[in-house]
Amino acid sequence: MPRVGIALGSNLGDRLANIEAARGCLREIAMPGEPFLAASTYQTEPLHCPPGSPLFCNSVVEIGFDGDPFELLELTQSIESQLGRTMAPERNAPRIIDVDLLYFGDEIVDTEDLVLPHPRIGERRFVLEPLAEIRPDLILPGQKLRIAELLDRLPE
């Protein structure tokens with residue numbers, strides 16, 4: 001059964017409640033009996049967002065999932081909709097919730113709809129920091145460095 005990493009982010013409304021609600025939804029789709037790993041929630045500066053965007057709350061969870069990456073993508077998009085996310089016309093606009101697939105076991109996927117592992121994990125402290133909290137020794141498919149090492153290499 002693959003272990004799946006999922007990033008959570010929110011910078012609109014009650015950000016902590018939004019993250020908790022997304023965690024709750026992910027618990028419902030996680031494989032029963034498998035560990036549900038949840039990192040702390042971090043407050044972070046918006047990255048590549050429109051000027052004046054509010055601060056984010058970010059976290060990462062890792063679950064066991066009995067299905068394929070595209071099925072999980074549909075489920076995470078459904079969670080976003082269920083929690084009130086609407087598609088904004090502007091890229092990286094503020095949002096109630098963001099539920100992004102980071103990795104899906106040792107699978108490498110490169111399609112128009114989904115790229116796994118997420119291509120920008122190594123550039124994003126708001127992903128690496130919580131991920132390093134729960135899986136510091138993880139080496140992603142196609143990588144040579146552990147998550148903790150990728151985090152250490154990021155500039156302050």
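A: Start with a term for burial: buried means under 20% relative accessible area, exposed over 50%, and partly exposed in between (1.4 Å probe, protein chains only). The areas come from the Shrake-Rupley method with a 1.4 Å probe, and for residues only the protein chains shown count as cover. R146 counts as partly exposed because its relative accessibility is 28%. E149 is also at 28% relative accessibility, so E149 counts as partly exposed. This is a predicted model, in which local features need pLDDT of at least 70 and side-chain atom pairs count only at pLDDT 80 or more, while totals for chains, interfaces and linings use all residues. Residues are numbered from 1 along each chain as its sequence is written, and side-chain values use heavy atoms, with hydrogens and water left out.

Q: What do the side chains of R146 and E149 meet in?

A: Side chains of opposite charge can pair when their charged atoms come close. The term here is salt bridge, a side-chain nitrogen of Lys or Arg within 4 Å of a carboxyl oxygen of Asp or Glu. R146 and E149 meet in one, at 3.9 Å from N to O. Elsewhere, salt bridges that share partners join R3, E34, E62 and R135 into one network.

Q: How many salt bridges does this rule give?

A: The count comes to nine. One of them pairs E62 with R3, whose closest N and O atoms are 2.9 Å apart. E62 lies in strand β4 and R3 in strand β1 (residues 3-10), so this pair ties together parts that are 59 residues apart in sequence. The names of such elements follow a rule: helices (H or I, at least four residues) and strands (E, at least two) are DSSP runs, numbered from the N terminus.

Q: Is E62 buried or exposed?

A: E62 counts as buried, because its relative accessibility is 1%. Another salt bridge joins R85 and E80, with the closest N and O atoms 3.3 Å apart. E80 has a relative accessible area of 6%, so E80 is buried.

Q: How do I read a polar contact, and with which side chain does the side chain of S59 make one?

A: A polar contact is a pair of N or O atoms within 3.5 Å; within protein, one must be able to donate a hydrogen and the other to accept it, and residues adjacent in sequence count only if both atoms are side-chain atoms. S59 sits in strand β4 (residues 56-64) and is buried, with a relative accessible area of 1%. Its side chain contacts the side chain of R23 at 2.7 Å. A polar atom of the S59 side chain also lies 3.1 Å from the backbone oxygen of S40.

Q: Where does T44 lie, and what does its side chain contact?

A: T44 is in strand β3 (residues 42-44). At 16% relative accessibility, T44 counts as buried. The T44 side chain makes a polar contact with the side chain of N58, at 2.5 Å.

Q: Which residues gather in the patch of negative charge on the surface?

A: Patches are made of residues with over 30% relative accessible area and no salt bridge; like charges are joined within 9 Å, and nonpolar side chains (Val, Leu, Ile, Met, Phe, Trp, Tyr) within 5 Å. Lys and Arg count as positive and Asp and Glu as negative, with His and the chain ends not counted. The place of a charge is NZ of Lys, CZ of Arg, CG of Asp or CD of Glu. In this structure D66, D68, E71, E74, D106 and E107 form the negative patch. D106, in the loop between β5 (98-104) and β6 (109-110), counts as exposed at 66% relative accessibility.

Q: Where is the cis peptide bond that involves P117?

A: The cis bond joins L116 and P117, and omega is about -10°. P117 is in the loop between β7 (115-116) and α3 (125-134).
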